[in-house]
Amino acid sequence: MRSIWNGSISFGLVTIPVKTYSATDRTSSVSFVRIHEKDGAQIQYRKICELDGEEVPNEEVGKGYQAPGDDTIVPITDDDLSRLPMPTAKTLSILSFTDPDQIDPLQMDKAYYLGPNGAAAAKPYALLREALEDHRKVAIGKVAMRGRESLAMLRAHSGALVMHTLLWPDQVRPVTGVAPEDVELRENELTLAETLMDSLGELDPAELHDDYREAVEELVTAKLEGEPVAPAASGTSGAQVIDLTAALEKSVRAARGRETGAEPEAGSGPASVTPIRGRKTAKKATGKKTAAATAATAKKAPAKKSAAAAPKATGGRAKGTSAAKKATAAGTSKTTPKQATSQKTTPQKTTSKSTAKKTTAKTAAPKKTAAKKTSKKSSA
């Protein structure tokens, strides 16, 4: 690894010579060049002077400063910059030590590894590293690199010292107008969200890789070999309005299923209506009683009087029952006792189902009584 900057760390009267190495590598990310679509040739960018329209060679390119909102450009030479006072040149001057959570991640810019520069720097380097680890602190200071001064954070990481250049506080934009306001959250939604966070578990950095870069490499290989390009897998079909609570519950089940290796639960599909068993049982019991009463009425003729008196006791049911009798008499000249009883116990066209249940229950009682009285008379 090649060092890109040599300097020193200074705190108090202690000075530690260090070498700086780039901690990140962005060359592995996907990048494209611009080409002319007509012939596939790469497009070159040239430095053209706005006054004469001629190309400017690199040795004639200099620096200039243009104030925001002003068209005036002031030429600045390297000699001008060398005369400026810069106490942090070639030195990371530590100003204070603070807790890591006091640094806003929005301020972090670039990361660099710092290594000791020479054998004499090994001991103070290790001392600072161990002090930061044991005290669980980070160092905040200023450093001048590549002609400009910036904030820097120094921390211990994997046995080495890491320096993060930081943006100045005024370079971080405010969040005004970004976040929604007055959003009500229910307690069960927050609980489900926290449960989902716990179910997802910890992150394994070894499993992280750039899927898009691999797809681009496969695409390039297929084009070079003249093979057909496989179509990409279709993703989600856009945003959908969903029930937040249901989505959280389904996500928790899916996360737990991945942990245990189990398949998704069968109940994760659309909701279904489950019948209430108690009501079905009650209907069956009522039907059995009605059938028994009908059979007893068909055998015993004297039950007609009691059955005829039952609608009077029901109040509002009397008119409906008498109307049903008249309609039955008009349509059939001869009606058997069994048919008459079935007509009385079938109130679907005249009244609601709830009233029919009450009438059936009340009608069954006198029929049983009539059956008992008839049996007594026959025995006498």
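Colleague: Let's start with Arg 26: buried or exposed?
Modeller: This is a predicted model, and Arg 26 has a relative accessible area of 65% there.

Colleague: What about negative charge: which helix holds Glu 217?
Modeller: Glu 217 belongs to a negative surface patch, together with Asp 210, Asp 211, Glu 214 and Glu 218. Glu 217 has a relative accessible area of 46%, so partly exposed is the class for this residue. Its helix, covering residues 211-224, is α4.

Colleague: How many aromatic pairs are there, and what geometry do the rings of Phe 11 and Phe 97 have?
Modeller: Searching the whole structure turns up one aromatic pair. Phe 11 and Phe 97 have ring centres 6.4 Å apart, and their planes sit at 85 degrees. Planes over 60 degrees apart get the label used here, so the pair is edge-to-face.

Colleague: How many residues apart in sequence are the parts that this pair ties together?
Modeller: Phe 11 is in strand β1 (residues 5-11), while Phe 97 is in strand β5 (residues 91-98). Phe 11 is partly exposed at 23% relative accessible area, and Phe 97 is partly exposed at 41%. In sequence, the parts tied together by the pair are apart by 86 residues.

Methods:
Residues numbered from 1 in each chain as written. Predicted model: local features only at pLDDT ≥ 70, side-chain atom pairs only at ≥ 80, totals over all residues. Heavy atoms only, no water. Buried < 20%, exposed > 50% of the residue type's maximum accessible area, 1.4 Å probe, protein only. Patch = residues over 30% accessible without salt bridge, like charges linked within 9 Å, V, L, I, M, F, W, Y side chains within 5 Å. Areas by Shrake-Rupley, 256 points an atom, 1.4 Å probe, with all protein chains shown as cover. Salt bridge = Lys/Arg side-chain N within 4 Å of Asp/Glu carboxyl O. Lys, Arg positive; Asp, Glu negative; His and termini not counted. Charge placed at Lys NZ, Arg CZ, Asp CG, Glu CD. Helix = DSSP H or I, 4+ residues; strand = E, 2+ residues; numbered from the N terminus. Phe/Tyr/Trp six-rings, centres within 6.5 Å; stacked < 30°, edge-to-face > 60°.
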